Amino acid sequence: MPIETTLCEAVERNGDVKSQEILIKAAFESGNPQYISHALGIIARVRGMTQLARDTGISRETLYRNLSKKGNPSLSTLTSVLSGLDLRIGVETSTLQQVARPRGRQGGRKLALTKAQVRMAQVAMANRDTSISELCKKLDVKPVTLYRYVDPEGNLRDYGKRVLDGA
């Protein structure tokens, strides 16, 4: 029976900073407020909710409620939590991306994986216990395609970087 995992479960199990970074980037790229809140909650639990409560001055109960799947933290809570977790967010505009995009041919083969799938593959490949065949089934790609995006240690290759850069 194949084991079904998600990016959130991988972060809870591994607890490493790289996995947490991948999770929070994927959450903000999704634009889904509940997913962002849930991802912050996972990272807060991995790093220690009690210490975060001390650092932010927000009660643990409030943090658990606001950083759940159904949570909706206020902007002040969000900025306090980000600061307490030593995370920063940035802003990009589509106009800047268009100006920065190199001129030339605008065609070619469509990319096989989405940003979320590349992030999931990155975390899964970093875990030595990952079954490549199960991961490929979950992503609905062949191993050669997976390795085109992510190397066996979970590092991005050119195609993976193109997906995350929005090319």
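**Exercise 1. Leu85 and the nonpolar cores**

Identify the residues that Leu85 touches, not counting residues up to four places away in sequence, and then describe the largest nonpolar core.

*Solution.* Step 1: Leu85 touches Leu40, Ile43, Ala44, Arg47 and Leu52, with residues up to four places away in sequence not counted; contact means heavy atoms within 4.5 Å. The model is a predicted one, in which local features need pLDDT of at least 70 and side-chain atom pairs count only at pLDDT 80 or more, whereas totals for chains, interfaces and linings use all residues. Residues are numbered from 1 along each chain as its sequence is written, and side-chain values use heavy atoms, with hydrogens and water left out.

Step 1: The largest nonpolar core has 20 residues, of which Leu40, Leu52, Leu63 and Leu85 touch the most other members. Such a core is a set of buried Ala, Val, Leu, Ile, Met, Phe, Trp, Tyr and Cys residues joined through side-chain atoms within 4.5 Å. Buried means under 20% relative accessible area, exposed over 50%, and partly exposed in between (1.4 Å probe, protein chains only).

Step 2: Helices H2 (17-30), H3 (33-47), H4 (49-56) and H6 (75-84) each give two or more residues to this core. Helices (H or I, at least four residues) and strands (E, at least two) are DSSP runs, numbered from the N terminus. H3 supplies the largest share of the core, 6 residues.

Step 3: Apart from this core lies another, of 14 residues, including Val118, Ala124, Val150 and Val163. In soluble globular proteins, nonpolar side chains tend to be buried together.

**Exercise 2. The buried face of H4**

*Solution.* Step 1: The buried residues of H4 are Met49, Leu52, Ala53 and Thr56.

Step 1: Met49 and Leu63 are 14 residues apart in sequence, with a C-alpha to C-alpha distance of 7.8 Å.

Step 2: Gly57 follows H4 and has a positive phi, near 80 degrees.

**Exercise 3. The packing of H2 and H8**

Classify the relative direction of H2 and helix H8 (residues 115-126).

*Solution.* Step 1: The axes of H2 and H8 come within 10 Å and cross at roughly 170 degrees. Axes are lines fitted to C-alpha atoms, for helices over the stretch in contact, and angles run from 0 to 180 degrees between N-to-C directions.

Step 1: The crossing angle makes H2 roughly antiparallel to H8; angles under 35 degrees count as roughly parallel, over 145 as roughly antiparallel, 65 to 115 as roughly perpendicular and the rest as oblique.

Step 2: Lys18, Ser19, Ile22, Lys25, Ala26 and Glu29 of H2 make the contact with Lys115, Arg119, Gln122 and Val123 of H8. These residues divide into 3 nonpolar, 2 polar and 5 charged. Ala, Val, Leu, Ile, Met, Phe, Trp, Tyr, Cys and Pro count as nonpolar, Asp, Glu, Lys and Arg as charged, and the others, Gly among them, as polar.

**Exercise 4. H9 and the residue after it**

Locate the buried residues of H9 and describe Asp140.

*Solution.* Step 1: Leu135, Cys136 and Leu139 are buried in H9. They cover an arc of only 100 degrees around the axis, which puts them on the same side of H9. The buried residues of H9 pack against H8 and H10.

Step 1: Asp140 lies in the loop between helix H9 (132-139) and helix H10 (143-149). Its phi is near 60 degrees, a positive value in a residue other than glycine. Most residues other than glycine have a negative phi. At 69% relative accessibility, Asp140 counts as exposed.

Key. Arc of directions from axis to C-beta.
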